[in-house]
Structure formats: structure tokens, C-alpha cells
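Please open the model in your viewer and keep the selection panel at hand. The stops below say what to select next and what is there.

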Amino acid sequence: MKIAKPYNPLNGGRYSYNSTQKPRVRIPTDKEVAWLSGLWEGEGCWYITKARVMKQKSKNLAPYLSNPALKMVITMTDYDIMERISLIMDNRKCTEVRSASKINPNRKTQWYINLQGSAAMEWTNRMLPYLGERRVEKYYRILDEVYGIKQKPFLIKEKEVEYINPLAELLGV
């Protein structure tokens, strides 16, 4: 049985197969999670996917009802930033949404990464200490609405979180 390696955007966006090696998952550092949280809070969103009837590819199989789920999406035109997000998030696939066309040749290519269900819950839980109060409340509202998980949103005291200033690190201040 062949095991797929994680998605590698540096490899032309292809999955590569090797029968002897298992996929390696890289654990992100706290600084990476803090950076990702700030970026996702500003550029991304969390929402509920609606339940809908899904058609099967085979004509012999009956349609089924998909369950509502938590979904988190980020879209940008900066591929280098999206590539960095992908590498931090277990090499998630970075997909092209829109690109230049005959109608609008000046349009920039948009890229997106989305997570749904348990993967979205796992990453949002990692980001929680760095997210703002409004995002945390929205996350818990979605958990309650979709999964019936009732939790009180927690508020983080300033001294419990180490704020990271990327400019200070670059300038050595």
C-alpha cells in the first residue's frame, strides 16, 4: 500500500508517493501559531457549512445529506504568504481560486486554504489564546450551534500571553 506524503507546494503542488515512508507532521512553534492567528483573524473567516443533499458520482448510489460543520477559510493574492501558511498547517493544499482572464488581464491570482470539521476545530483550538474576544465568542457560538458543545468563552489576561512584535525581532530591539 502506498502512503501519500503531505502536500508540498514547493513540489509544483503535487502529492508524491513512497511505499516506505509515512507522512511527517511538523508541529508548529508558538510564534508560528501566533503569527497564523493574527493573519487568520484579519484575512480569514470562520463559518458554518450548511447541510445539503450531495449527489453521488455513480448513478446507482442514492444522494446523501451532508452534515453542517465548522469551516475556516483564508484567501489572499500573496502566494508566498499562503505557501508559508500551508507549511505551518501540516502542508495544507493551497488552491487557486481566480486568475487573470481575457476579460480582466490585470486581475491578480487568488489563493485559498480551507479546513472543515475536526481539522478546523483542532487549528482553531491552537489559535484560541491569540484570537480576539469577538472571534472566540463566534467560535463557541458555532460549536454550540453545530455540535451542541456548550462552553463559556474565556478571556485571556494580558500577562498570560506573550505578545510578539515581529519588527522588534528584526531590528534587535
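**Cysteines, sheet and rings**

Begin by selecting Cys45, which is partly exposed at a relative accessible area of 30%, where buried means under 20% relative accessible area, exposed over 50%, and partly exposed in between, computed with a 1.4 Å probe on protein chains only. Cys94, by contrast, counts as buried at 5% relative accessibility. A search of the whole structure for disulfides returns zero, the criterion being a pair of cysteine sulfur atoms within 2.5 Å.

Before going further, note that this is a predicted model, in which local features need pLDDT of at least 70 and side-chain atom pairs count only at pLDDT 80 or more, while totals for chains, interfaces and linings use all residues. Residues are numbered from 1 along each chain as its sequence is written, and side-chain values use heavy atoms, leaving out hydrogens and water.

Next, select the open sheet, whose four strands follow the order β3-β6-β8-β7 with antiparallel pairing; strands (E, at least two residues) and helices (H or I, at least four) are DSSP runs numbered from the N terminus, and two strands pair if DSSP finds at least two bridges between them. At the edges lie β3 (44-49) and β7 (95-98), each of which pairs on one side only. The twist from one strand to the next averages 35°, with axes taken as lines fitted to C-alpha atoms, for helices over the stretch in contact, and angles running from 0 to 180 degrees between N-to-C directions.

Within the sheet, show β6 (residues 69-76) and β8 (residues 110-116), which run antiparallel and are joined by six bridges; here Ile74 stands opposite Ile113 in β8.

Tyr79 is partly exposed at 28%, whereas Trp111 is buried at 17%. Tyr139 and Tyr140 form the other tilted pair, at 5.5 Å and 50°.

Notes:
Phe/Tyr/Trp six-rings, centres within 6.5 Å; stacked < 30°, edge-to-face > 60°.
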